Amino acid sequence: MFAIKKNERWFALLALLIFTALNSIIVARYFDSGASAYDATFISDFHIAGFDPYIWRELTDGKPYYDALRHPLIWIFLYPLFLLNMLLMWLTGANCAVLISAVLNTLLATYSAIFLSRICYRITERKSEAYLLTAFFFSFAYVMLATIVPDHFNISLFLLLLTLVSVKPSRWLFLVTSGVTLTNGVKVGLAYLFNSGKKIFRPKFFIVTFVLPLILCFGVARYCQVAYIEPAQKAHIEEEARKTELLAKKSPEKLKRRNELRERFHRTHVGEPLSDNLPLLKWTDVTTPRCQTFVENLFGEGFMLHDNYTLKDVLVNRPVFVDSYNVWGNYVVEAVIILLFCVGAFYGRRSSLLLLPLSWFAFDMLMHMGLGFGINEVYIMTAHWAFVIPVAVAFLLRGLRPVPRRIASLSVGAIALYLWGYNLCVLVDYLYL
């Protein structure tokens with residue numbers, strides 16, 4: 001699975017160089033070799049959309065920072081890299097978390113590109129088109145960002161594409177994938193269902209593949225919650241209460257204005273949940289407009305960065321909806337991508353190679369657009385589902401006659417070239433200007 005075939009070597013090398021260059025943008029911006037070994041102040045300077053630099057934090061002090069229920073095993077998976085960083089800090093006197101994260105991102109993104117190109121080649125039977133569709137996918141704004149930020153999305157992308165490219169997914173994939181992001185375990189379960197049918201419900205298979213990994217996930221999650229997360233939350237609450245009490249004594253009017261601003265911000269940025277009491281339902285959202293989300297955030301910001309409020313955080317300094325692009329042609333590009341996706345889905349509607357990622361896409365849309373999980377920043381999750389688009393377009397290309405096929409390929413290439421140039425320019429301007 002991980003062996004690079006002879007006819008893939010040039011593509012793999014090119015992908016490696018591209019993702020190395022992309023990650024060097026982050027390294028150049030955030031790595032400070034002059035900082036002391038355990039200095040983590042640079043992390044507070046990281047502000048790219050709503051991505052969290054938790055990987056840098058975990059590589060710096062070895063403590064879990066991700067929500068233990070949603071990402072139960074990622075702390076364990078990253079712990080060997082924390083030990084590596086400890087060794088490098090001892091040898092160099094500098095915190096190398098940024099460098100280690102960049103190398104990890106580069107390797108995972110390179111293999112993700114290889115896996116996606118294999119899937120597309122299996123459909124189109126043309127290497128040039130497979131590579132074109134892969135470049136098309138990684139031109140999407142929040143896919144590109146996922147390959148460079150110190151968050152978990154690049155790891156999830158790698159594991160999901162590994163599952164797709166596998167003829168018969170290994171049982172350990174459910175443990176690893178759900179350990180990184182619990183809901184992605186559902187997608188691996190669907191892959192088992194597509195490949196093995198009702199056999200997955202046999203007691204032995206079901207217990208070994210699903211029950212035991214989930215017990216491990218929830219056991220580790222509980223340990224992280226009790227040993228690390230709850231004490232940190234308690235300390236944070238106590239510190240906030242102390243500051244509030246001090247502010248109330250010093251300036252009651254200022255405290256009142258602060259509370260009013262917080263209440264207004266919460267009202268305009270966070271929708272109403274299905275329930276405020278249940279642990280999972282409190283993260284839902286039933287009031288945020290779906291149509292505007294679809295146009296501006298799901299198929300808008302996810303693929304093309306907005307010119308205004310560029311890469312701001314919706315929970316800090318960005319409205320839920322940035323009303324429009326300054327370049328009207330971006331909406332044309334968005335419409336063409338949706339059209340290619342829909343027509344491609346029609347062409348591949350009878351193939352399990354498309355039906356499986358489509359089922360994943362349907363699950364994500366149920367979670368985000370239906371129940372409203374993370375809907376106010378739905379674009380951040382683009383890397384979890386957008387690979388279904390190049391897979392669908394691959395079926396479209398395969399089903400066309402030579403001349404229309406060439407025109408469609410050129411259209412995909414033009415969009416990919418535009419998105420690469422546009423998103424890179426906006427990203428570099430944000431980070432360095």
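Buried here means under 20% relative accessible area, exposed over 50% and partly exposed in between, with a 1.4 Å probe and protein chains only. Before you click, note that this is a predicted model, where local features need pLDDT of at least 70, side-chain atom pairs count only at pLDDT 80 or more, and totals for chains, interfaces and linings use all residues. Numbering starts from 1 along each chain as its sequence is written, and side-chain values use heavy atoms, with hydrogens and water left out.

**Stop 1: helix 1.** Helix 1 has 22 residues and spans 31 Å from first C-alpha to last, close to the 32 Å expected at 1.5 Å a residue (1.5 Å times one less than the number of residues). Colour its buried residues: F11, A12, A15, F19, L22, N23, I25, I26, V27 and Y30. Now show what covers them, including helix 2 (54–61), helix 4, helix 5 (127–138), helix 6 (141–146) and helix 16 (402–432).

**Stop 2: V27.** Stay in helix 1 and zoom in on V27. Why does V27 count as buried? Because its relative accessible area is 18%. Leaving out residues up to four places away in sequence, V27 touches V98, L99 and A102, contact being heavy atoms within 4.5 Å.

**Stop 3: the core.** A nonpolar core is a set of buried Ala, Val, Leu, Ile, Met, Phe, Trp, Tyr and Cys residues joined through side-chain atoms within 4.5 Å. The largest one has 118 residues, and I48, F51, F140, Y142, W385 and I389 touch the most other members. Helix 4 (residues 97–124) gives the largest share, 13 residues. Pick Y142: beyond four places in sequence, its contacts include A49, F51, E301, L305 and Y379.

Stop 4: Go to the second largest pocket, with about 290 Å³ of space. (A pocket is an open set of points on a 1 Å grid over the protein atoms alone, where a 1.4 Å probe fits, with protein on both sides within 12 Å along at least five of seven lines; lining residues have an atom within 4 Å of a point. The volume is the space filled by probe spheres set on the points, which are joined across faces, edges and corners.) Of its 16 lining residues, L104, L108, I155, F158 and L159 are closest to the centre. What classes of residue make up the lining? It has 16 nonpolar, no polar and no charged residues, where nonpolar covers Ala, Val, Leu, Ile, Met, Phe, Trp, Tyr, Cys and Pro, charged covers Asp, Glu, Lys and Arg, and polar covers the others, Gly among them.

Conventions
Helices (H or I, at least four residues) and strands (E, at least two) are DSSP runs, numbered from the N terminus.
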